[in-house]
Amino acid sequence: MSADAATLKCPNCGAPAPAHASHCEYCRARLASISCPACFGLIFDGAAFCQFCGAARNRSEASDARPVTCPACQGQMTWTRIGEADLLECGRCKGTWVEAATFEHICASRESQAAVLHTSPEAHLRQGDGRQATQTAARLPPVRYRPCPRCRKMMNRVNFGKISGAVVDVCKGHGTFLDRGELNQIVRFIHSGGIERARAAEREQILEEQRRLRDLERMHARVSPPDGAIGWSHTSSTNDPLAAFLSALLDRS
């Protein structure tokens, strides 16, 4: 049986629980699945050791964790701890692998964001607040898709928040790989109100698409003949050059 499908033990009371459970059936403690630092098997957050390989839960102290190859430069990555978050960092290119749950926590927790900014003050190579996204995109190197350190499938390239300019590699469900300075850039983007600006831009785009559709519907209503009409004169379109052109095409058919 694979580690992902195994029954785990609640870290609070020790009762058995399926890996996908959100709460323990016995003590009702909240359960969240994370991956082991050594074997990547699923364990519950809060467990001191992996029940499959015995590795320590604190990844920065898990010296027996298996080597992880950097998806960017093929260097060796090692676990490091920033605040309460465990990250994999490449000693060669300084790229960072952040697992999915940890990345969500960093994006939502001001304490974790403060730890990122405090730990790597030199990392803000680009002030990524979204205002310089166009210039940043122009300087990006050619796109190279990278394999996920966990499943080895090619990750998707995503511009965080659509306007941040931090183009990161994402494996859905597993995690995010960030080049040097990009985690700091994303935290600064969030602090500057970037998420709110991104949502506002998305709403405006949706409204603009709705306006375009309404305009097309009105234009179509002006130039289309009534159902079953024969010898439509198109008199309603004489003041609209585009409508007149379309009417002429209909006359020729």
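Predicted model: local features only at pLDDT ≥ 70, side-chain atom pairs only at ≥ 80, totals over all residues.
Residues are numbered from 1 along each chain as its sequence is written, and side-chain values use heavy atoms, with hydrogens and water left out.

The axes of α1 (residues 100–108) and α4 (residues 182–191) come within 10 Å and cross at roughly 40°. Axes are lines fitted to C-alpha atoms, for helices over the stretch in contact, with angles from 0 to 180 degrees between N-to-C directions. On the α1 side, Phe 103, Ile 106 and Cys 107 meet Leu 183, Ile 186, Val 187 and Ile 190 of α4. Ile 106 is buried, because its relative accessibility is 3%; buried means under 20% relative accessible area, exposed over 50%, and partly exposed in between (1.4 Å probe, protein chains only). The C-alpha atoms of Ile 106 and Val 187 are separated by 8.3 Å, although the two residues are 81 apart along the chain. Setting aside neighbours within four places in sequence, the contacts of Ile 106 (heavy atoms within 4.5 Å) include Ala 85, Leu 87, Val 98 and Val 116, as well as Leu 183 and Val 187.

The protein chain as a whole has six helices and 11 strands, taken as DSSP runs numbered from the N terminus (helices H or I, at least four residues; strands E, at least two). Of its 253 residues, 38% are buried. Among contacts between residues at least 6 apart in sequence, 41% join residues at least 24 apart.

Most residues other than glycine have a negative phi. Lys 94, in the loop between β7 (85–90) and β8 (96–99), has a positive phi near 65°. Lys 94 is partly exposed, with a relative accessible area of 37%. Arg 152, in the loop between α3 and β9, has a positive phi near 70°, and its 46% relative accessibility makes it partly exposed.

The loop between α3 (133–138) and β9 (156–159) also holds Tyr 145, which counts as exposed at 52% relative accessibility. Together with Val 143 and Met 154, Tyr 145 forms a nonpolar surface patch with about 350 Å² of accessible area.

Salt bridges, defined by a side-chain nitrogen of Lys or Arg within 4 Å of a carboxyl oxygen of Asp or Glu, number nine. In one of them, the closest N and O atoms of Glu 202 and Lys 162 are 3.9 Å apart. This pair links distant parts of the chain, as Glu 202 is in helix α5 (residues 194–223) and Lys 162 is in the loop between β9 and β10 (167–171), 40 residues apart. Glu 202 is partly exposed at 38%, whereas Lys 162 is exposed at 61%.

Glu 208 and Arg 211 also form a salt bridge, at 2.8 Å from N to O; they are about one helical turn apart because three residues separate them in α5. Asp 215 and Arg 218 are bridged at 2.3 Å between their closest N and O atoms, and they too lie three residues, or about one helical turn, apart in α5. Elsewhere, salt bridges with shared partners join Arg 146, Arg 157, Asp 169 and Asp 179 into one network.

How values were computed. Patch = residues over 30% accessible without salt bridge, like charges linked within 9 Å, V, L, I, M, F, W, Y side chains within 5 Å. Areas by Shrake-Rupley, 256 points an atom, 1.4 Å probe, with all protein chains shown as cover.
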